[in-house]
Structures are given as structure tokens and as C-alpha cells.
Amino acid sequence: MSGFVTAALGFPAVLFSFLLIVVIGYWLLALLGAVDVDDFDGGDGLLAGFGGVPLSLSLSSLIAFTWFASLAGTVLLDDLELSTPSRIGLGIGVLVVALLLGTLGTRVIVVPLRRVFGPAKEPSRRDFVGRAAVIRTSSVTHDFGQAEVAAADGSTAIVDVRQAGEGNLTAGSRVVLYDYDPEREFFWVESLDI
């Protein structure tokens, strides 16, 4: 255990050992409810974290990965018998490599989390394009018709639909919404029956 403490307090790991203690303290306080996790997230500015993931999470993982890499480098340096100037020079090299590895490790963690923490996409009528629907009016023509379509979240909507050609689309017919006309606010449909 004393070897671990010696390595954790050796240069360059000592720089990140104290930061890791702060991170652990922060997450313990957050777990107890004394700190709100969103308090330190700076929105869209410099403090926005990596790629939309909250700053607290991305910075914590950066510090943890960098600490681990610098600790491993410190242990390797301790195994070498070096003079003080050589040790300081190699320690700075280990610091740079640890920062690079910490950034890489954080990126590996953060990229999949972007989908969870990324900005929510505003729903649009265009989201219905390509979806199947059921005709709810007696017929569909080039200037009349409505259909019921299910959204990705499972909710349903009644939308205005039009048929480009001649056909026999009646109540209960299954269709696909293949295009949206934003000016007139309706969908073009085609029968799913082949």
C-alpha cells in the first residue's frame, strides 16, 4: 500500500491525485443530494463539456483517465534509477502522454453518451415521411383526405393527405406517406397494397 501512496504522490501523478480527490468528493456530495449535478455545466460555452455531455461527467472521466495514465507512468519512472533532471524531463513527457491518453479515454466514453445527453431534436411533420398510415376518411383525392399515422414515440396523429394519381384509397386503406408539402401542409400518399 505504501508503494501505491508513493506513486500517487510522485510527479506527475500528484497533480491529478488531488484533482481525483476533488472529483470523488464532488460525486459523493452529488450522491447525497448536497450538490446539483447541473450546477457546474456551462451551457453552450467553453464549459459545455465534450460534445454536449455534461461538464461534470466529461471532466470527471478526463481526470480519472489522466490520473490512471500518469500513475502508471510514475510507477515506470520509479523503477528506473534516474538523476533528478532526467526524472523531471521524463516526468513532463509522462504528463503530456497522460493528458493525451486521458483525452482519448474520455472521448471513447463520451461519444456514445452524446446520444443520451445531446440536444433533443424538435419534432417536425417531416418525421412522418416514410411512415405507414391508415386512411380515416371515406376516400382520398388530389384535394381531400386524412390519415392516422403513428409517431416514433407511439403517439398517433391525424394528418391531411393527398393522392397524386387515380386510385381507390378508402377508409381503412394502408398507405405510406412519401412526401410532405410544407406550403399546403399535407402529405402525399401511395397505397401499401401491391
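**Entry 1**

I began with Asp 181, which is buried at a relative accessible area of 12%, where buried means under 20% relative accessible area, exposed over 50% and partly exposed in between (1.4 Å probe, protein chains only). The model is a predicted one, in which local features need pLDDT of at least 70, side-chain atom pairs count only at pLDDT 80 or more, and totals for chains, interfaces and linings use all residues. Residues are numbered from 1 along each chain as its sequence is written, and side-chain values use heavy atoms, with hydrogens and water left out.

I then looked up the partner of Asp 181 and found a salt bridge to Arg 184, at 2.9 Å from N to O; the term stands for a side-chain nitrogen of Lys or Arg within 4 Å of a carboxyl oxygen of Asp or Glu.

**Entry 2: other salt bridges**

I noted that the structure holds four salt bridges. One of them joins Glu 148 to Arg 136, with 2.8 Å between the closest N and O atoms. This pair links distant parts of the chain, since Glu 148 sits in strand β2 and Arg 136 in the loop between β1 and β2, 12 residues apart. Glu 148 is partly exposed at 24% relative accessibility, and Arg 136 is also partly exposed, at 46%.

Another salt bridge runs between Arg 87 and Asp 78, whose closest N and O atoms are 2.8 Å apart. I recorded Arg 87 as partly exposed, with a relative accessible area of 23%, and Asp 78 as partly exposed at 37%.

**Entry 3: order of elements**

I counted four helices and five strands in the protein, taking helices (H or I, at least four residues) and strands (E, at least two) as DSSP runs numbered from the N terminus. From the N terminus on, the elements run α-α-α-α-β-β-β-β-β.

**Entry 4: the record and the helices**

In UniProt, an unreviewed entry lists residues 12-34, 46-68 and 88-110 under "transmembrane region"; its annotations may be inferred rather than shown by experiment. In the model, residues 12-34 are 87% helix and 0% strand, with their end C-alpha atoms 32 Å apart. Residues 88-110 are 100% helix and 0% strand, and their end C-alpha atoms lie 32 Å apart.

I also checked Ser 60, which lies in helix α3 (residues 55-79) and is buried, with a relative accessible area of 11%. Beyond its neighbours within four places in sequence, Ser 60 is in contact (heavy atoms within 4.5 Å) with Val 23, Trp 27 and Leu 55.

**Entry 5: nonpolar cores**

Which residues have the most contacts inside the largest nonpolar core? I found Val 159, Val 161, Leu 177, Phe 187 and Val 189, in a core of 14 residues; such a core is a set of buried Ala, Val, Leu, Ile, Met, Phe, Trp, Tyr and Cys residues joined through side-chain atoms within 4.5 Å. Strands β1 (132-135), β2 (146-150), β3 (156-163), β4 (174-181) and β5 (186-191) each supply at least two residues of this core, and β4 gives the most, with three. Apart from this core lies another, of 10 residues, among them Ala 8, Phe 16, Leu 71 and Leu 95.

For Phe 187, leaving aside neighbours within four places in sequence, I listed contacts that include Arg 125, Phe 128, Val 159, Leu 177 and Tyr 180.

**Entry 6: totals**
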